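Please keep the sequence and the 3D view open while you go through it.

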Amino acid sequence: EKVFSESETSNELWIFHKEPTLYQIYKESVETRVGIILAESGEGDPGKIYVKRVDAGSLFEASGVPVGAVVMSINGVPCKGKSAKEAIMLITSKQGAVKLLTY
């Protein structure tokens with residue numbers, strides 16, 4: 001994904017590439033609440049899962065995952081084309097390390 005920004009001091013157009021970032025948490029058990037809500041992207045960008053909310057004091061807040069991040073994979077499983085429910089099941093059904101690759 002590219003983010004475009006116009007320089008205020010000139011007419012140059014700068015292009016920034018967002019780098020993928022890996023966030024990891026550790027769940028003590030399958031029942032451990034992680035404090036994240038995922039959603040499916042809208043009509044302008046279909047087929048992507050993004051972070052809609054991160055609860056204060058949660059495992060994912062402690063990991064630093066930002067609201068609005070697009071989730072590329074969860075534990076190595078690609079999220080493109082998955083529903084938000086399918087993606088969250090990849091997180092909630094696992095005990096131990098949970099890895100989110102985002103951009």
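With which residue does arginine 53 form a salt bridge, and how far apart are the closest N and O atoms?

1. The partner of arginine 53 is aspartate 55, and the closest N and O atoms of the pair are 2.9 Å apart. A salt bridge here is a side-chain nitrogen of Lys or Arg within 4 Å of a carboxyl oxygen of Asp or Glu, and the structure holds one such bridge. Arginine 53 is partly exposed, with a relative accessible area of 43%, and aspartate 55 is also partly exposed, at 24%. For these words the cut-offs are as follows: buried means under 20% relative accessible area, exposed means over 50%, and partly exposed lies in between, with a 1.4 Å probe and protein chains only.

2. Before going further, please note that this is a predicted model, in which local features need pLDDT of at least 70 and side-chain atom pairs count only at pLDDT 80 or more, while totals for chains, interfaces and linings use all residues. Residues are numbered from 1 along each chain as its sequence is written, and side-chain values use heavy atoms, with hydrogens and water left out.

3. The chain contains two helices and eight strands, where helices (H or I, at least four residues) and strands (E, at least two) are DSSP runs numbered from the N terminus. Along the sequence they follow the pattern β-β-β-β-β-α-β-β-α-β. Of the 103 residues, 29% count as buried. Among contacts (heavy atoms within 4.5 Å) with a separation of 6 or more, 56% come from residues 24 or more positions apart.

4. Valine 54 belongs to strand β5, residues 49-54, and is buried, with a relative accessible area of 18%. Setting aside residues up to four places away in sequence, valine 54 touches Gly35, Phe60, Glu61, Val65 and Val67.

5. Which residues have the most contacts inside the largest nonpolar core? They are Ile36, Leu38, Phe60, Ile74, Ile91 and Leu100, in a core of 19 residues. The elements giving two or more residues to this core are β3, β4, β5, β6, α2 (84-92) and β8. A nonpolar core is a set of buried Ala, Val, Leu, Ile, Met, Phe, Trp, Tyr and Cys residues joined through side-chain atoms within 4.5 Å. In soluble globular proteins, nonpolar side chains tend to be buried together. Isoleucine 74 touches, among others, Leu38, Ala87, Ile91 and Leu100.

6. Lysine 27 lies in strand β3 and is buried yet has no salt bridge, the nearest side chain of opposite charge being that of glutamate 31, 8.2 Å away. The side chain of lysine 27 does reach two backbone oxygens, that of valine 30 at 3.5 Å and that of threonine 92 at 3.1 Å.

7. Threonine 102, in strand β8 (residues 96-102), is buried, with a relative accessible area of 2%. Leaving aside neighbours within four places in sequence, its contacts include Glu19, Tyr23, Val65, Val71 and Met72. Arginine 33, by contrast, is exposed, with a relative accessible area of 74%, and is placed in the loop between β3 (21-27) and β4 (36-40).

8. Finally, please check the backbone at asparagine 75, which has a positive phi of about 50 degrees although it is not a glycine. Most residues other than glycine have a negative phi. Asparagine 75 is found in the loop between β6 and β7 (77-78) and is partly exposed, with a relative accessible area of 29%.

Definitions and conventions:
Lys, Arg positive; Asp, Glu negative; His and termini not counted. Polar contact = N/O pair within 3.5 Å; in protein donor to acceptor, adjacent residues only side chain to side chain.
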